[in-house]
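Me: I would like to learn how to read the features of a protein model. Please take me through them in order.

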Amino acid sequence: MRYGLAIGAFAFAGAAHAQEFDVVGGQTSVLLDTATLSAAAGLDLSGTSADVLAGELGDGSVAFGINPRDAASLPTTFSYDAGLADFSGTIEHTGSVFFNADTIEVGNFTIGFDAARVGGDRSGFFVESTTGIAAILFDVQSPSFVSAASAGLVIEANLLVSSEFANFLGDAALTGADVGDARVNAIPTPGVVGALALGGLAAARRRR
């Protein structure tokens with residue numbers, strides 16, 4: 001399913017574009033507000049899995065590698081066109097975070113989109129844990145920065161506690177609380193539409 005919507009800082013035109021890019025790698029950095037998580041939710045960060053990297057958001061931030069499209073488990077399927085006017089699929093990651101003496105795990109995160117989650121300052125994108133606590137943890141706020149081009153995809157936004165995570169924590173009042181920042185830094189390659197367009201251009205040149 002593809003989307004063409006107006007969501008906060010995004011400006012989705014919904015029109016057909018000549019070139020599409022497939023995300024094939026990169027990383028997503030996260031800087032959690034550990035003080036708020038501890039005080040409001042009783043979650044104390046205790047560690048990360050060995051495959052979690054240093055993040056791009058300063059001290060205390062961590063990064064999760066974006067799975068390739070041919071990964072045996074949770075392959076990334078996200079595609080977009082220039083300007084993020086159109087997009088589809090999910091961005092999948094490997095790596096876990098542990099809380100409360102490693103008794104609580106969240107990880108192997110999916111970033112996806114659900115139009116039903118759009119509202120207020122929520123963009124419709126969400127972050128879902130697929131291991132340990134298998135649930136949507138965060139709604140992604142309307143981004144403060146977006147760059148979507150052939151050279152790469154960068155999205156920066158706040159992370160808001162989802163209603164599902166708030167209910168898991170036993171405090172519905174936590175829904176919508178800003179508990180961190182995220183920065184998606186994805187590496188693309190031209191997708192099928194783009195490849196067809198480039199192939200057509202090459203054929204036209206040969207005919208001339």
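**Reading the model**

Reply: Asp 102 lies in the loop that links β9 and β10. Helices (H or I, at least four residues) and strands (E, at least two) are DSSP runs, numbered from the N terminus. Residues are numbered from 1 along each chain as its sequence is written. This is a predicted model, in which local features need pLDDT of at least 70 and side-chain atom pairs count only at pLDDT 80 or more, while totals for chains, interfaces and linings use all residues, and side-chain values use heavy atoms, with hydrogens and water left out.

Me: What is the phi of Asp 102?

Reply: Asp 102 is not a glycine, yet its phi is positive, at about 65 degrees. Leu 74, also not a glycine, has a positive phi of about 50 degrees. Leu 74 sits in the loop between β5 and β6 (79–81).

Me: How many helices and strands does the protein chain have?

Reply: The protein chain has three helices and 17 strands. For contacts, meaning heavy atoms within 4.5 Å, consider those with a separation of 6 or more: residues 24 or more positions apart account for 60% of them in the protein chain.

Me: How do I read strand pairing?

Reply: Strands of a sheet pair through backbone hydrogen bonds, either parallel or antiparallel. Here two strands pair if DSSP finds at least two bridges between them. One case is an open sheet of four strands, with antiparallel pairing and the order β3-β9-β10-β13. β3 (45–48) and β13 (131–132) are at its edges; each has a single partner strand, so one side of each has no neighbour in the sheet. Within the sheet, β9 (residues 96–99) and β10 (residues 104–107) are antiparallel and share four bridges. Val 97 has Val 106 in β10 as its bridge partner.

Me: Which strands pair with β5?

Reply: β5 (residues 62–66) pairs with β2 in the antiparallel sense over four bridges; Gly 65 in β5 is the bridge partner of Gln 27. β4 (residues 53–54) is antiparallel to β5 over two bridges, and Leu 53 is opposite Ala 63 in β5. β8 (residues 91–94) runs antiparallel to β5, joined by two bridges. Gly 65 also faces Thr 94 in β8.

Me: Is β16 mostly covered or mostly open, and how many of its residues are buried?

Reply: β16 (residues 152–161) is mostly covered, with eight of its ten residues buried. β15 (residues 145–149) pairs with β16 in the antiparallel sense over five bridges, with Val 146 opposite Ile 155. The two strands β15 and β16 make a hairpin with two residues between them. β14 (residues 135–141) is also antiparallel to β16, over three bridges, and Phe 138 is opposite Val 161.

Me: How do I read a nonpolar core?

Reply: In soluble globular proteins, nonpolar side chains tend to be buried together. A nonpolar core is a set of buried Ala, Val, Leu, Ile, Met, Phe, Trp, Tyr and Cys residues joined through side-chain atoms within 4.5 Å. The largest one has 38 residues, among which Phe 78, Tyr 80, Leu 84 and Leu 153 touch the most other members. β16 supplies the largest share of this core, five residues.

Me: What is the difference between a cavity and a pocket?

Reply: Both are found on a 1 Å grid over the protein atoms alone: a cavity is a set of points where a 1.4 Å probe fits but cannot get out, and a pocket is an open set with protein on both sides within 12 Å along at least five of seven lines. Lining residues have an atom within 4 Å of a point. Grid points are joined across faces, edges and corners, and a volume is the space filled by probe spheres set on the points. The largest pocket has a volume of about 450 Å³. It is lined by 33 residues, and the closest to its centre are Val 30, Val 127, Phe 138, Leu 159 and Ala 182.

Me: How many cavities are there?

Reply: There is one cavity of 30 Å³ or more, and the largest cavity holds about 40 Å³. α1 gives the largest share of its lining, four residues.

Terms used: Buried < 20%, exposed > 50% of the residue type's maximum accessible area, 1.4 Å probe, protein only.
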